[in-house]
Amino acid sequence: MYMDFHTHGKLAKYLPFSTEYTDWLLREARRAGLDAICLTEHFNTQQFDTLYGYIEARGEKNGDAYVFEDAGGLRVFPGMETDIAEGGHVLCVGPMEAIREMNRRLEPHKAKDRFLPAAQLLELFAEYPVLVGAGHPFRDGGHIPDLPPELLMRFDFLDLNGKDLALDRERTERLTYALGRELDIPVVSGSDTHQAVQYGCVTTVFERDVDTVPALYGEMTAGRYAIDLSDTAAFQVRTACLLKRSLKEIHALGGDYVAILTREATA
């Protein structure tokens with residue numbers, strides 16, 4: 001099972017949700033060779049609940065995943081990416097109802113000056129059957145590695161992030177794997193893409209297919225997977241960043257970036 005643990009369903013958190021754009025992302029994820037993704041949208045993105053309601057309504061529920069037949073059978077595991085007051089991002093993956101309920105409870109803490117401290121956020125997550133991961137733990141501006149050991153031990157996995165690998169593979173791998181060994185938790189990979197070009201830059205390849213979060217965690221902790229970094233990862237990430245900036249500028253100028261993008265993809 002080829003899986004991406006860190007993906008987004010919108011181009012940017014302050015842009016409106018588009019069903020056409022999300023559908024395009026899911027189709028392109030499958031075209032990139034992925035069997036499953038974790039949809040870890042930013043917790044304070046506009047229309048978070050609308051996006052996840054769409055996934056729930058359009059996909060066929062199978063375990064904890066939602067299968068999209070019109071995207072080649074791609075499985076989508078619900079998740080979320082949440083900022084902490086100390087600086088850094090915390091990922092979680094779990095049942096749809098848990099993700100949507102946690103997001104509603106985080107409503108008072110979505111502004112930058114109101115982010116929850118890590119201890120409080122982890123206490124909230126502990127009330128739900130979710131896996132908790134440290135998103136791109138060594139990216140500039142993040143301070144997850146500086147958290148007290150008793151908090152670090154509460155993470156279930158670390159994110160070996162595609163963007164960071166593209167910028168400095170040696171540093172990212174060295175520090176992330178070292179922290180994983182120190183905490184004795186799995187290191188899995190996520191592209192961190194907001195659009196399709198970045199899919200497949202790094203992939204977690206499992207020996208078995210799974211459709212529930214407990215089964216996924218079992219495969220992770222058993223080590224029955226490998227991480228595949230594309231030879232073109234750096235090019236994909238650079239291109240993705242350029243594309244994202246261009247599409248946002250099209251939107252700012254009043255253009256329809258979704259129509260432009262999907263026409264190009266099907267031309």
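This is a predicted model: local features need pLDDT of at least 70, side-chain atom pairs count only at pLDDT 80 or more; totals for chains, interfaces and linings use all residues.
Glu 219 is buried, with a relative accessible area of 6%; buried here means under 20% relative accessible area, exposed means over 50%, and partly exposed lies in between, with a 1.4 Å probe and protein chains only. The side chain of Glu 219 forms a salt bridge with that of Arg 224, at 2.9 Å from N to O. A salt bridge is a side-chain nitrogen of Lys or Arg within 4 Å of a carboxyl oxygen of Asp or Glu. Arg 224, for its part, is partly exposed, with a relative accessible area of 26%.

Residues are numbered from 1 along each chain as its sequence is written, and side-chain values use heavy atoms, leaving out hydrogens and water.

I turn to the other salt bridges. Side chains of opposite charge can pair when their charged atoms come close. How many salt bridges does a search of the whole structure find? The search finds 17. In one of them, the side chains of Arg 100 and Asp 49 meet at 2.8 Å, N to O. Arg 100 belongs to helix 3 (residues 96–105) and Asp 49 to helix 2 (residues 48–58), so this pair ties together parts that are 51 residues apart in sequence. Helices (H or I, at least four residues) and strands (E, at least two) are DSSP runs, numbered from the N terminus. Arg 100 is buried at 16% relative accessible area, whereas Asp 49 is partly exposed at 30%. Both residues also belong to a network of salt bridges that links Asp 49, Glu 56, Arg 100 and Arg 104.

Another salt bridge joins the side chains of Arg 58 and Asp 70, at 2.6 Å from N to O. This pair links distant parts of the chain, 12 residues apart: Arg 58 is in helix 2, and Asp 70 is in the loop between strand 4 (65–68) and strand 5 (74–83). Arg 58 is partly exposed, with a relative accessible area of 33%, and Asp 70 is partly exposed, at 47%.

Helix 2 also has a buried side to its account. Its buried residues are Phe 48, Leu 51, Tyr 52, Gly 53, Tyr 54 and Ile 55. Against which elements do the buried residues of helix 2 pack? They pack against helix 1 (19–31), strand 2 (36–42), strand 4, strand 5 and helix 3.

Leu 51 leads us to Gly 9. Leaving aside neighbours within four places in sequence, Gly 9 is in contact (heavy atoms within 4.5 Å) with Tyr 21, Thr 22, Leu 25, Leu 39, Glu 41 and Leu 51. Gly 9 is found in the loop between strand 1 (2–7) and helix 1, and is buried, with a relative accessible area of 3%.

Finally, I consider His 194, in the loop between strand 9 (187–190) and strand 10 (202–206). Is His 194 buried or exposed? At 6% relative accessibility, His 194 counts as buried. Not counting residues up to four places away in sequence, His 194 touches several residues, including Tyr 21, Leu 25 and His 42. Tyr 21 and Leu 25 are also among the contacts of Gly 9.
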